Amino acid sequence: MHFSFMGKQGGAHPDDKKSRTDKKPVTNASVPKIMVFPVSMHIGAPAKPIVEVGDKVKAGQIIAEEGGFVSAHVYSSVSGEVIAIEKRPTIGGEAESIIVKNDYEYTKAEPITEPGRSHEMTKDEILATVRKAGIVGMGGATFPTAVKLSPPPGMTIDTLIINGAECEPYSTSDHRAMLEHPDELIAGINLTRTLFPQLQRIYIGIEENKPDAIEALEKASAGYDDIFVRKLKSMYPQGSEKNLIKNLTGREVEPGGLPAGVKCVVANNSTIRSCYRACEFGEPLIERIVSVSGTPVKEPKNLLVKIGTPMDSLIDDCGGFSDVPGKVLGGGPMMGKTVSDLGVPIIKGTTAITVLTPDEADQGDRKDCIMCAECIHVCPVSLQPILISEAFERGNIEKAKELGAMDCIECGNCSFICPSKIPLLENIRSAKAAIKAKEGK
Amino acid sequence: MAQAVDVQGKLRVGPSPHIRSKRTGSWVMDQVIIAMIPPLLAATFFFGWWALGMVAISTATAVGAEYFYQKLTYKPITIGDHSAALTGMLVGLSLPITAPIWMIVFGSVFAVIIVKQLNGGIGRNYFNPAVAARVVIKALFTPWLENWVLPAGLFGSGFRGVDAVAAATPLSFIGDGMRSVPEEVPGFLDLFMGFNLGGNIGETSKLAILIGMLYLIFRRVINPKLPILCITTVFVVMGLWSSFDFTFQMTHMLSGTLFFAATYMITDYSSGALTPQGKTVFAVGVGVLTAFFRITLDHPGGVGYSILIMNALAPFIDSKLMPKIYGHDKRPQTSFNRQGSRS
């Protein structure tokens, strides 16, 4: 907690714990026998399986087709045989999944587009390829990228923001991706810029705790006078879309509005890199970098993981547990989701596996609020979390709404910072659900 | 995969965030208690060993009062949050060495029972318990209070400072319409260090208070803008009043309870403003009112009145200065007061 003198700071400083993995180059994860591909690895309609049990599939072969405009294709990341299509536990709960038995042949499917011609692709070709590759927001949001990159007609985009903040503690997958492949990110940016003719500037926002990545990208972008690598204060949630836009351009997205409303598009760096690889090499999104870290992990690592790999395989790659794990998270400790079963697969938006000891994951004993105002201080969207929480607990849903419950981005700073260990975000989430229910949305 | 099988079924699940900061409410209270050690030592050094006795009585009374109140009303016992001890220490430190024991006890009981517990307990009270108790004591018991004495050192003054020499506090020379500093008033160094200064035992050494203030800022327990704005405001208003007579401004800044209150009283979470801009208005408000009362009143106590007035205004200030939410043009058009007794 730091105080700014007159105003508020809108962020918190959880210990970033990145030093466990931030110097470790990405290595290949082992690929297990059984791979699990949920048909819903994204926001939007689930994809529809187009294979049947017994079918042979190739690595990079489409196995489920997008189920609507806001949806994404699902590809098999290995070659082998479909042995089941059934409900399986996933990071977001149970979901229909296609189970592929790996034959370890790695027979490759045809590329999704002719390789080597990304530089001459038209706007429509790029968007079609991104859509075809099944690319979704890889920073965790998993919103279909082709949709994100096609703002509603009539909206001009003058600023492209590449999110390299990676503000979650422990996570280092974006850090390593930017450091090890800066040229592919810049190539992805140059591809993306084709989509926005009015584009004036491109910001790459990176937290200052990644000086080597900042340096690598400054070098890689040296020839472009409209690409700006911006060093951001290391402060959670620096990487939230709304805060990035505010911090880099001074603009504020309207409540319920799109970044395009303030002429911005924000995309995660790994997503943009995947767009480049899809267009240049014809690769669908079948692998990603995942950092596996946390006190109980014997040997934390950054791994290049084939999507669909169950978590326990990655934990094994990291030497297993040296300590009793209390919580295993898909993502970081601030916004990640708990899993109860280590058989859940890595999906397109899984940036990290974070393992916490029971002590680290302890939520503390709730006490009475002492009115320290810390939650107000750390809220990135300037809410008064304690008031919303209290309004909710008193059953005053209307008041919770007036206090801005719907504007909460659920970053978790309020619950994290509260010395009285009040479940502020939980209450705000419940308030939001109650407001939505009341308004029949 | 043997490793993984071991944990299956034992993993905890739950909503994010999954980590909590180490800070707790009682840790915060402990920091303020630690920050009061320098003024307590200074009080002992200047006014004698009885200063320790006073604070021991006020603290024990405050903790005991909270304990028995909660016991008798079948409420959870909360003395473990250390907030009652903190209030008790403040009560003790804001009385003069001559204060009778019954007055110390009255102050702590009044602060903890009437101001804090009957208003809903921790985080719910509108008024700063120690300040309210001090102001009530002054209103009710002035005849037993007014004999300020000069400090006579650790062993120079006996029980309740009975051997000490009666004195006036600097404020009695520079308040009530004065615009400059008469010669009798101690110099800056004496005012800052607390040498030869009458007053409440905790407030005379500004050096000791400053150490406590810096500690609390360093520990990020108090928002630095509160003491800084409050003290600076008094300095500026006194400048306007005295046509910027630097000696007059400095003497006011270093006199009375201002430093003590700016560090330990207006930074109280519960009775202060909650919103960032509200805090600014609150601190400046205390400063302006303090200067105003010092100029217009012929008796001390202006800081106490100022704090209580701003305490009463704080919920209103907060409701008018709710932060503008990201993406909105206006502040939330609502008010919500979370203080007062729990329903």
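**Close-up views of a predicted two-chain complex**

**View 1. Confidence along chain B of the predicted model.** In this predicted model, chain B has an average pLDDT of 90, and 92% of its residues score at least 70. Where pLDDT is low, the predicted coordinates should not be read in detail. For the complex, the predictor gives an ipTM of 0.91 together with a pTM of 0.92.

**View 2. The side of chain B that touches chain A.** Across the interface, 45 residues of chain B are in contact with 69 residues of chain A. Two or more residues on this side of chain B come from each of the elements α1 (2-7), α2 (25-35) and α14 (276-296) of chain B, and of the elements α1(B) gives the most, with 3 residues. Sorted by class, the side of chain B that touches chain A holds 20 nonpolar, 17 polar and 8 charged residues.

**View 3. Domains of chain A, and where domain 2 meets domain 3.** The domain assignment divides chain A into domain 1, made up of 31-111 + 284-356, domain 2, covering 118-281, and domain 3, covering 374-438. The centres of domain 2 and domain 3 of chain A, taken over C-alpha atoms, are separated by 30 Å, and 6 residues of domain 2 of chain A are in contact with 6 residues of domain 3 of chain A. On the side of domain 2 of chain A that touches domain 3 of chain A, the residues comprise 3 nonpolar, 2 polar and 1 charged.

How values were computed: Residues are numbered from 1 along each chain as its sequence is written. Chains are lettered from A and ligands numbered from 1 in the order in which they are written. This is a predicted model: local features need pLDDT of at least 70, side-chain atom pairs count only at pLDDT 80 or more; totals for chains, interfaces and linings use all residues. pLDDT is the predictor's confidence in each residue, from 0 to 100. Domain bounds come from an automatic or database domain assignment. Two residues are in contact if their C-beta atoms, placed from the backbone, lie within 7 Å. Ala, Val, Leu, Ile, Met, Phe, Trp, Tyr, Cys and Pro count as nonpolar, Asp, Glu, Lys and Arg as charged, and the others, Gly among them, as polar. Helices (H or I, at least four residues) and strands (E, at least two) are DSSP runs, numbered from the N terminus.
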